[in-house]
Amino acid sequence: MVKKDIIGDVLFKVYLGIICFFYSIIFAGSVLGVAGFYKPVYVFPLVFMSTLLLFKVLYQSNIVDKYQKPEGGYPNENKLSEIVIYAITILLIILLILIPIARWPESIAGDWFPWDAGKYHFPKAVEMVSSGSANDMTIAYGEYPFGYESLLSFCLLASGDEALFGWMHALINLLFIFSFWLLAKRYTKIRSSFLLLLITLLVLSNFFFKFLNLWRVFQTEMITVGKNDLLLAASILSFLYFYPYPLIAEFEKRSLLATGIAGMIALSVKPNAAYVLAPLWLLLGGKTLWVSSKDWVRKPRSNIFQYLIASFFMIPGTIWLLRNLVLNGKIFSDFVLEASKWSIASNLTNPYFYRYIPTNLVIILGLAMMMVLISIKKFPQYRWQAGILLLLVIGFVFTPVTAFFLRTDIPAVINWRFGQAMLAYVFIVLLLLANDLVGKISLDNKIGKLAAYTYVPFLLLVAAGVIWSHMWVLERKPENVIILKDQFRESLGVDGYHSAYDYVQENVRDSIVWVENGLPYYAYDVDYTNTVSRENSADYVIVIKTDWFGEGGVEIPAYFNPHAWQNYYSVAYEDPQGIVFALKD
């Protein structure tokens, strides 16, 4: 008799709902954004109907049957202990992960504002809402995919401001945790509730220790609004989770459609998702053709049809490629392609790469090579996991900006946020090896019974201690609201203005505003009537004297010569940190 994991099944339904919701939002952003019809009257009905339809199709498929316990249940099964462990874990997730991010920016999640958000993520979302189009590529990184920005645009349509940004990132956090958990659950026989607790503690591990912690980045990314790396990792893990493995054998047990849905989300977020998805999808396509050709009479075209349908559902995640080709004549500009020079792969012969190379990177590379070597002959059961780990490592080292940024003549700094799917998979591989090792160790029956009775109270004490010692993450920080208005937390302005940004926000409406050496997001007024588009000449130009990394001198950038501008622009405002130029009548 197969016993269902009822709580796990509920959590899986939540996970499935989030995937369908994200797919629908990104689908609406991709199709309507490129078509120039990104308006509430079209977006909301499309997202609502698409979410319901996808959830119904996936839920009614037999993939749900995979979230049941093994035959006979887990060893020493105790329904009360399962409920307790799940309750502990859910409480940890709510208190230490979801509440801080949902309260953004009035929480620790608002303690900093990533420059990526102000430079292009938020502006791309605002421009899509205000213009109804995703085709303005004059914005910084406008030629990049805009799946993540579609989520932010949907929030802006729903609330009119940034109020829902934190809640949307809370859903991204849940998607990451659940995809991580489900993939680990698929590979190991560890009790489902305990596995979720382990992964939750791993995600929070930066709170507990930092030395040689491979997974420190998870906790910091969990409280970051304005970066898309966690969404990319979550969608890649979801793709790996649904991916038919062993190849073809699970076509009848898993919905290939779900694989395509997860793949579409990943491709819509960042182009480097293709490093992982493309080889696996081509491998599956080749295997599908091979199997179908050998079994054409009994089951003609069935596997091919499933594969093509799933491929069709992935297409919206690549619409940005077609848009770039039509509007620019090429996929990426030379400026964007230049970023590949700062990857690990491009700097393997650069001596600066090997200065202060972190031990964490050596450990990961060593584990990947070990898995490949031991799986060749001695442990063939690990070949799939070894291959996936190697693919994730290769994808990471080829990802732009993983080793350097702007300069390659300084010691490398490994950018772990680009490799979060890889880091999660490393932990899953370690769990798999440990699970198999423990399974071969036979303990005295009395020891097993004693452990079964004591581990739940122990976990309760640990969880209570973690929550008690980290109650500070629940503190409200209303002073952080300033990050929605200005990159300068302290007033640097004159005449009662906080800064040059504040002057524009208070006095400029329905205008084209360019920001140089600063963050374009702060050029918008409260109703977002301004635009930062560079398709036409600027009505106003904000020049920040100190760049947005907080480095450099307080000098106007060399390419600005106010004296040469006097025929066209006049100085409308100036303070020690910024100047606002206004177009003359």
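Predicted model: local features only at pLDDT ≥ 70, side-chain atom pairs only at ≥ 80, totals over all residues.
## Salt bridges and their network

Let's start with the charged side chains: searching the whole structure turns up 13 salt bridges. One of them pairs Asp 116 with Lys 227, at 2.6 Å from N to O. This pair ties together distant parts of the chain, with Asp 116 in helix α4 and Lys 227 in the loop between α8 and α9, 111 residues apart. Both partners, Asp 116 and Lys 227, are buried.

Lys 270 and Asp 229 also meet through their side chains in a salt bridge of 2.6 Å, N to O. Here again distant parts of the chain are linked: Lys 270 sits in the loop between α10 and α11, Asp 229 in helix α9, and 41 residues separate them. Lys 270 and Asp 229 are both buried. Through shared partners, salt bridges join Asp 116, Lys 227, Asp 229, Lys 270 and Arg 417 into one network.

Asp 9 and Lys 13 form a salt bridge whose closest N and O atoms are 3.4 Å apart. Both residues belong to helix α1 (residues 6–35) and are four residues apart, about one turn of the helix. An α-helix has 3.6 residues a turn, so residues three or four places apart point the same way. Asp 9 counts as buried because its relative accessibility is 13%, under the 20% cut-off. Lys 13, at 27%, counts as partly exposed.

## An enclosed helix

Helix α10 covers residues 256–269, and its 14 residues reach 21 Å from first C-alpha to last, close to the 20 Å expected. Since 14 of the 14 residues are buried, α10 is largely enclosed by the rest of the structure.

## Two buried loop residues

Ala 109 lies in the loop between α3 and α4 and is buried, with 1% relative accessibility. Beyond its neighbours within four places in sequence, Ala 109 contacts Pro 100, Ile 101, Trp 104 and Ile 223. Ile 99 is 10 residues from Ala 109 in sequence, and their C-alpha atoms are 9.8 Å apart.

Ser 205 is found in the loop between α7 and α8 and is buried too, at 3% relative accessible area. Its side chain makes a polar contact of 3.1 Å with the side chain of Asn 213. Leaving out residues up to four places away in sequence, Ser 205 touches Asn 213 and Trp 215.

## A nonpolar surface patch

Out on the surface, Leu 348, Tyr 354, Ile 357 and Val 362 make up a nonpolar patch with about 360 Å² of accessible area together. Ile 357 belongs to the loop between α14 and α15, and at 32% relative accessibility Ile 357 counts as partly exposed.

Technical notes:
Residues numbered from 1 in each chain as written. Heavy atoms only, no water. Patch = residues over 30% accessible without salt bridge, like charges linked within 9 Å, V, L, I, M, F, W, Y side chains within 5 Å. Areas by Shrake-Rupley, 256 points an atom, 1.4 Å probe, with all protein chains shown as cover. Salt bridge = Lys/Arg side-chain N within 4 Å of Asp/Glu carboxyl O. Buried < 20%, exposed > 50% of the residue type's maximum accessible area, 1.4 Å probe, protein only. Contact = heavy atoms within 4.5 Å. Polar contact = N/O pair within 3.5 Å; in protein donor to acceptor, adjacent residues only side chain to side chain. Expected span 1.5 Å × (residues − 1).
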